[in-house]
Amino acid sequence: MIDRRTLIKAAGTAFVASRLGTAAARAEANDPLSYASVDELVALFRARKASPVELLKAQIKRIEAFNSKINCITDEHFDQALKEARQSEDRYGRGDARPLEGITVAIKDEFSRPGWRVTQGSLVYKESPAMTENDAIIDALEAAGAVMPFQTTVPEFYLFIGASTRAWGTTHNPWNLAYSPGGSSAGSGAALAAGFATLAMGSDMGGSIRIPASQNGLYGFRPPFGRVASGEVPFSTSGPLARRCDDLLHLQNAIVGPSDRVMAAIRPRLDYPAQYPDLSGWRVAVDWGAAVAEVIPSVKAAMQDGVDTLRKAGCVVDEVDCGFSKDQKLVFIRGLMATSLGTLVDVANANRGLLSPYMTEVIDLVGAVGPRQAEEAEALAERLHRQVQQRVFGKGYRVLLMPTMATPLVRADMFKSKADNVDLWTGTGFGAALTWPWNLLNRYPVVDVPLGLVDKGMPSGMQVIGQTFADLDTFQFASTWARLRPALFADGRFPTFV
């Protein structure tokens, strides 16, 4: 538990570090209030040993000290957030605090709130008018008492593995500034790793929650379509990001369930327990995704070490081949663009002179799409679903494990990659992603769990896929994983900002 003396000492350290540069930044990176868990913070708030205002101010100081290195924020809403934090303080004083009362949540530049702008990471929309109503997710967060201090960077139109745009510049990874924080929830992942917020919202239409989780050493959850009130296109869903598994549970419990704004949201809501039994006796399948992307040795070794840990914990672990391959990727992408999400292709084509690196190559690669491409994607999804059932869940395996990224070493600056003639799949990072099959197969829940640090101080992660709509199996696995594996953001394992 964190006490007030520790908090005061940390605040002084942060003040000095912001003036002493990189070495001091490394020393104070484990600021206890900014990196505290939801449960720790709520206990402090209830005991009046810290307050939501103190939390917010500590994280604002971190933003002021370090965001010039990371560049993960689009618009700041600090005055509004301070007002919300004071209201949360009053609620703790009255004894009627809500589940996320006073907890800060970074919001992806996708979700609307009155007075905010949504730019989609593009010059096309950077001067767009202010939003006039909440997204369903914002409704849920407000009802839970969350404080939302800023919006986070995304790649243009949410398409790439990182955020390097003409609208907002390049977002860097706090663990190693040379590399990408992942995407499209790039700024949300980077903000969490940097200690700028306690929780973060993302969305995922090709890996956009799981990849930032992997790249930043976080937990992330891509819910099955309809579990969260996200929209009507099955390829895409909103979901939570967190530094800890128990924090992921808190945020998912806050946003899950139906909304009168979104027809596809499933009734009744699913409650996610805080505690789970261990995995003893579980049968676990592993697909290395070798035909999708070649996983580098350090990532494979980290995942194999995790597999060994599972076997010691009483799991039976076997390798399988679900039949995924990289030639299916373009079928998925064209199927995605054959939905209403594909209107971005029309917008991009009409504004080619404003686009960020690699955007014109992507829209030319996609080409004209329509019902035929939608049909091809549906046929592929049906075939892959049958294969997954026959080869994994039909054989009694509780979960399937896959790497998230074949390598975390994706350059952050796509402007430089483009100038160096790096090809589309490498420059954008999408060639290294093993995530997109689960947007095609979008009724399967997927939790991303951290593997630890691999090459060049960068984290990596692993996807945990459950049977269709069996969310609780994936959370049971993640909860046990968090107990078995050394945690990041603890015991000196913090980002270095270099």
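This is a predicted model: local features need pLDDT of at least 70, side-chain atom pairs count only at pLDDT 80 or more; totals for chains, interfaces and linings use all residues.

Student: Which elements each supply at least two residues of the lining of the second largest pocket?
Tutor: H6, strand E8 (237-242) and helix H12 (343-350) each do that. Helices (H or I, at least four residues) and strands (E, at least two) are DSSP runs, numbered from the N terminus. Residues are numbered from 1 along each chain as its sequence is written, and side-chain values use heavy atoms, with hydrogens and water left out.

Student: Which of those elements gives the most to the lining of the second largest pocket?
Tutor: H12 does, with 3 residues.

Student: What volume does the second largest pocket have?
Tutor: About 770 Å³. A volume here is the space filled by probe spheres set on the grid points, which are joined across faces, edges and corners. The grid is 1 Å, over the protein atoms alone: a pocket is an open set of points with protein on both sides within 12 Å along at least five of seven lines, a cavity is a set where a 1.4 Å probe fits but cannot get out, and lining residues have an atom within 4 Å of a point.

Student: Which residues are closest to the centre of that second largest pocket?
Tutor: Of the 33 residues in its lining, Glu110, Tyr158, Ser230, Ser236 and Leu341 are the closest to the centre. By class, the lining has 14 nonpolar, 13 polar and 6 charged residues. Ala, Val, Leu, Ile, Met, Phe, Trp, Tyr, Cys and Pro count as nonpolar, Asp, Glu, Lys and Arg as charged, and the others, Gly among them, as polar.

Student: Which helices give two or more residues to the lining of the largest cavity?
Tutor: Helix H11 (329-337), helix H13 (359-366) and helix H16 (424-428). H11 has the largest share of that lining, at 4 residues.

Student: How many charged residues are in the lining of the largest cavity?
Tutor: None: the lining of the largest cavity has 16 nonpolar and 6 polar residues, and no charged ones.

Student: Switching to charges, then. How many salt bridges does a search of the whole structure find?
Tutor: It finds 23, each being a side-chain nitrogen of Lys or Arg within 4 Å of a carboxyl oxygen of Asp or Glu.

Student: Is arginine 113 buried or exposed?
Tutor: Buried, at 5% relative accessible area. Glutamate 84 is buried as well, at 11%. Buried means under 20% relative accessible area, exposed over 50%, and partly exposed in between (1.4 Å probe, protein chains only).

Student: What else does arginine 113 form a salt bridge with?
Tutor: Glutamate 142, with the closest N and O atoms 3.0 Å apart. Glutamate 142 sits in helix H6, 29 residues from arginine 113. Glutamate 142 is partly exposed, at 30% relative accessibility.

Student: Which residues are linked in a network of salt bridges?
Tutor: Arg91, Arg94, Asp96, Arg98 and Glu101.

Student: OK, rings. How many aromatic pairs are there?
Tutor: The structure holds 17. One is phenylalanine 221 with tyrosine 272, edge-to-face, at 6.3 Å centre to centre and 75° between the planes. Rings of Phe, Tyr and Trp (its six-membered ring) pair if their centres lie within 6.5 Å; planes under 30 degrees apart count as stacked, over 60 as edge-to-face and the rest as tilted. Both phenylalanine 221 and tyrosine 272 are buried.

Student: Which rings are linked into a cluster?
Tutor: Ring pairs join Tyr35, Trp175, Phe489 and Phe494 into one.
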